[in-house]
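The sequence and coordinates are shown first.

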Amino acid sequence: IVPPLVLGIESSCDETAVALVAGDRTIIAQAIASQEAEHAPYGGVVPEIAARAHAERLAPMLEKVMAEAGMTLDDVDAIAATAGPGLIGGVMVGLVSAKALAMASGKPLLAVNHLEGHALSPRLADGGLAFPYLLLLVSGGHCQILAVEGVGRYRRLATTIDDALGEAFDKTAKLLGLGYPGGPAVERLALEGDARAVPLPRPLKGSAEPHFSFAGLKSAVLRAVESGAHAPADIAASFQQAAVECLTDRLDHALAAAGPFPALVVAGGVAANKTVRAALEALATKHAMRFVAPPLALCTDNAAMIAWAGIERLATEGPDFTGDPLDVAARP
Ligand code: KG4
Ligand code: ZN
């Protein structure tokens, strides 16, 4: 095992996850428990249910991962946990557990920003990915374009002025009666539809400002559903197409304003979408950039990316770093 060995904990939304990652990018052991079944009846994540589920599952999962690796906390160099942003009850479960483990073992605590976990996850998957890179971070809570210049050095070039794209996927799924979680369900249904069948807006496409907007697209999907004039698969395909065109248009804008970059990187849950990936790959080719997309399991929420952000942090801070203070606050 190549040091440092970092234990990572993720609990900011509806996945409880634990992972042990080594300095050479090996995921030694990991466990992930989705709460899909608990939240499905409500059509979205219920914060209180999420917090309780994290609290029930985390300790047994920690034991399982350590047992699978055949290790104890003595073998671990640091303990990393998501400290926010996220649903505060869940974040507190993971962060407080990490603090307790750090205190009991005397190992450093690393309080990781969840978005930084997503932003650095492509470097866990691809050791050849150097700074800087242009990152599209598309998840259920965020839609941003970032210039990633180094560990802890992120320049935000664009963000959404209303909804995140994952949220728009989830809302579209709900309107189409596809249930939760919505993104994969919309993607599946879109395979059977015609992406040109339903006229939908591309908010802010061609705009001189850099940002994203998806609220108008969401409302247009609502009207299309209510009209009863379109097949659900056509609505799903047309929505996905409109969303993809918004992404590529805004990335074109960012590249014109802040480029060039050697690589285009995508991260966050929506990066699991194959149509999104194909469009980004084409855009990267057009701009002569490398395209890097982590494997699907590293795109959605996971603990390996949190452990990896901890490893990057240790390397950046140097040997005298003793970790974050044990009273670091969880952030909603
Ligand atoms: O990064 P993530 O797991 O959690 C955070 O929001 O931090 O992202 C979850 C989001 C959800 O909105 C989900 O619907 C979306 O990612 N998503 C997808 C796909 N898989 C997950 N959206 C479109 N297509 C997918 N295949
Ligand atoms: Zn996430």
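Does Ala242 count as buried or exposed, and how many C-beta neighbours lie inside 10 Å? Ala242 counts as buried because 22 C-beta neighbours lie inside 10 Å; a residue is buried if 20 or more other C-beta atoms lie within 10 Å of its own, exposed if 12 or fewer, and partly exposed in between, with C-beta atoms placed from the backbone.

The model is predicted: local features need pLDDT of at least 70, side-chain atom pairs count only at pLDDT 80 or more, and totals for chains, interfaces and linings use all residues. Residues are numbered from 1 along each chain as its sequence is written, while chains are lettered from A and ligands numbered from 1 in the order in which they are written.

Ala242 belongs to helix α8; helices (H or I, at least four residues) and strands (E, at least two) are DSSP runs, numbered from the N terminus. Apart from neighbours within four places in sequence, Ala242 is in contact with Leu200, Pro201, Arg202 and Leu217, where contact requires C-beta atoms, placed from the backbone, within 7 Å. Pro203 is 39 residues from Ala242 in sequence and 8.8 Å from it in space, C-alpha to C-alpha. Ala231 sits in the loop between α7 (215–227) and α8 (232–258). Ala231 counts as partly exposed, since it has 14 C-beta neighbours inside 10 Å. Between Ala231 and Leu115 there are 116 residues of sequence separation and 36 Å of space, C-alpha to C-alpha.

## Domains and core

The domain assignment, which is automatic or from a database, gives domain 1 (6–119 + 299–317) and domain 2 (131–293). Their centres, taken over C-alpha atoms, are separated by 27 Å. Across the boundary, 14 residues of domain 1 are in contact with 20 residues of domain 2. On the side of domain 1 that touches domain 2, α1 (36–39), α4 (114–125) and α11 (304–317) supply at least two residues each. That side has 5 nonpolar, 6 polar and 3 charged residues; Ala, Val, Leu, Ile, Met, Phe, Trp, Tyr, Cys and Pro count as nonpolar, Asp, Glu, Lys and Arg as charged, and the others, Gly among them, as polar.

The largest nonpolar core contains 109 residues, and those with the most contacts inside it are Ile79, Ala80, Ala81, Leu135 and Ala307. Such a core is a set of buried Ala, Val, Leu, Ile, Met, Phe, Trp, Tyr and Cys residues joined through C-beta atoms within 7 Å. Helix α8 gives the most to this core, with 12 residues. Both domain 1 and domain 2 give residues to this core, so it lies between them. Beyond four places in sequence, Ala80 touches residues including Val6, Leu110, Ile306 and Ala307.

## Ligand shell and annotated site

Around ligand 1 there are 20 residues, of which Gly140, Gly166, Gly183, Gly269 and Asn273 come nearest; a residue belongs here if its C-beta atom, placed from the backbone, lies within 6 Å of the molecule. The elements giving two or more residues to this shell are α5 (165–175) and α6 (182–190). By class, the shell divides into 6 nonpolar, 10 polar and 4 charged residues. Domain 1 and domain 2 each give at least three residues to the shell.

In UniProt, an unreviewed entry annotates His114, His118 and Asp301 as "binding site"; positions follow the numbering used here, feature names are shortened, and annotations may be inferred rather than shown by experiment. These residues are spread over 188 residues of sequence, yet they cluster in space, with a largest C-alpha distance of 8.9 Å. His114 is in helix α4 and counts as buried, with 25 C-beta neighbours inside 10 Å. His118, also in helix α4, is buried with 30 other C-beta atoms within 10 Å. Leaving aside neighbours within four places in sequence, His114 is in contact with Ser12, Thr82, Gly84, Pro85 and Gly86, and His118 touches Leu137, Ser139, Ala267, Gly268 and Met305.

## Backbone geometry

Most residues other than glycine have a negative phi, and most peptide bonds are trans. The table lists departures from this pattern.

| Site | Feature | Value |
|---|---|---|
| Gly84 and Pro85 | cis peptide bond | omega about -10° |
| Phe131 and Pro132 | cis peptide bond | omega about -5° |
| Leu204 | positive phi | phi about 65° |
| Ala288 | positive phi | phi about 55° |

Pro85 lies in the loop between β4 (78–84) and α3 (88–105), and Pro132 in the loop between α4 and β6 (133–138). Leu204, in the loop between α6 and α7, is buried, with 21 other C-beta atoms within 10 Å. Ala288, in the loop between α9 (274–286) and β10 (290–292), counts as exposed, with 8 C-beta neighbours inside 10 Å.

Technical notes: Contact = placed C-beta atoms within 7 Å.
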